[in-house]
Amino acid sequence: MKIMVVCGHGLGTSLMMEMSIKSIIKELNVVAEVDHIDLGSAKGTPCEIFIGTKDITEQLTAQGVDGKIVSLDNMIDKVAMKERLSVTLQDLGAL
């Protein structure tokens, strides 16, 4: 399974969220490759889950990316991040 964390430029915000996602994936015992990417490159990147803040995920939806989208209200709220990611992982049969 591949998870992409997306932000506007693929630098600071997505890298910070990537570290949290990797920690959550480890806690959940899910095997997944987690990486970060900029918004412009996301549409051409095959993966099962895209994660980003609400403004980014709205743009991912508008672009029609092929994969589940997890929208976060707060990029540092690990509790909400884990809850939303868990729901998506269950939908995909990974949990």
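**Figure 1. Buried residues of helix H3 in the predicted model.** In this predicted model, Ile56, Thr57 and Leu60 are the buried residues of H3. Seen down the helix axis, these buried residues fall within an arc of 95°, so they line one face of H3. Thr61 and Ala62, on the other side of H3, are exposed. The cover over the buried residues of H3 includes strand E1 (2-7), helix H2 (39-42), strand E3 (49-53) and strand E4 (68-72).

**Figure 2. Threonine 57 in helix H3.** Threonine 57 belongs to helix H3, which spans residues 54-63. The relative accessibility of threonine 57 is 4%, and because buried means under 20%, threonine 57 counts as buried. Leaving aside residues up to four places away in sequence, threonine 57 touches Gly52, Ile69, Val70 and Ser71.

**Figure 3. Packing of helix H1 against helix H4.** Helix H1 covers residues 12-27 and helix H4 covers residues 78-91. The two helices pack at an angle of about 60°, and their axes are 10 Å apart. H1 and H4 are therefore oblique to each other. Their crossing is right-handed. From H1, the residues in the contact are Met17, Ser20, Ile21, Ser23, Ile24, Ile25 and Glu27. They meet Lys78, Met81, Lys82, Leu85 and Leu89 of H4. By residue class, the contact of H1 with H4 divides into 7 nonpolar, 2 polar and 3 charged residues.

Figure 4. Asparagine 29 is placed in the loop between H1 and strand E2 (33-38). With a relative accessibility of 70%, asparagine 29 counts as exposed. The phi of asparagine 29 is near 55°, which is a positive value in a residue other than glycine. Most residues other than glycine have a negative phi.

**Figure 5. Threonine 45 in the loop between H2 and E3.** The loop that joins H2 and E3 holds threonine 45. Threonine 45 has a relative accessibility of 13% and counts as buried. Not counting residues up to four places away in sequence, threonine 45 touches Met4, Ile37 and Phe50. Valine 31 and threonine 45 are 14 residues apart along the chain, and their C-alpha atoms are separated by 19 Å.

**Figure 6. Threonine 88 in helix H4.** Helix H4 contains threonine 88. At 9% relative accessibility, this threonine 88 counts as buried. Threonine 88 touches Ile49, Lys68 and Val70 when residues up to four places away in sequence are not counted. One of these residues, valine 70, is 18 residues from threonine 88 along the chain. The C-alpha atoms of threonine 88 and valine 70 are separated by 7.4 Å. Valine 70 is also among the residues touched by threonine 57.

Terms used:
Residues are numbered from 1 along each chain as its sequence is written. This is a predicted model: local features need pLDDT of at least 70, side-chain atom pairs count only at pLDDT 80 or more; totals for chains, interfaces and linings use all residues. Side-chain values use heavy atoms; hydrogens and water are left out. Helices (H or I, at least four residues) and strands (E, at least two) are DSSP runs, numbered from the N terminus. Buried means under 20% relative accessible area, exposed over 50%, partly exposed in between (1.4 Å probe, protein chains only). Contact means heavy atoms within 4.5 Å. The arc is that of the directions from the helix axis to the C-beta atoms. Axes are lines fitted to C-alpha atoms, for helices over the stretch in contact, and angles run from 0 to 180 degrees between N-to-C directions. Angles under 35 degrees count as roughly parallel, over 145 as roughly antiparallel, 65 to 115 as roughly perpendicular and the rest as oblique. A crossing is left-handed if the near helix is turned anticlockwise from the far one by less than a right angle, and right-handed if clockwise. Ala, Val, Leu, Ile, Met, Phe, Trp, Tyr, Cys and Pro count as nonpolar, Asp, Glu, Lys and Arg as charged, and the others, Gly among them, as polar.
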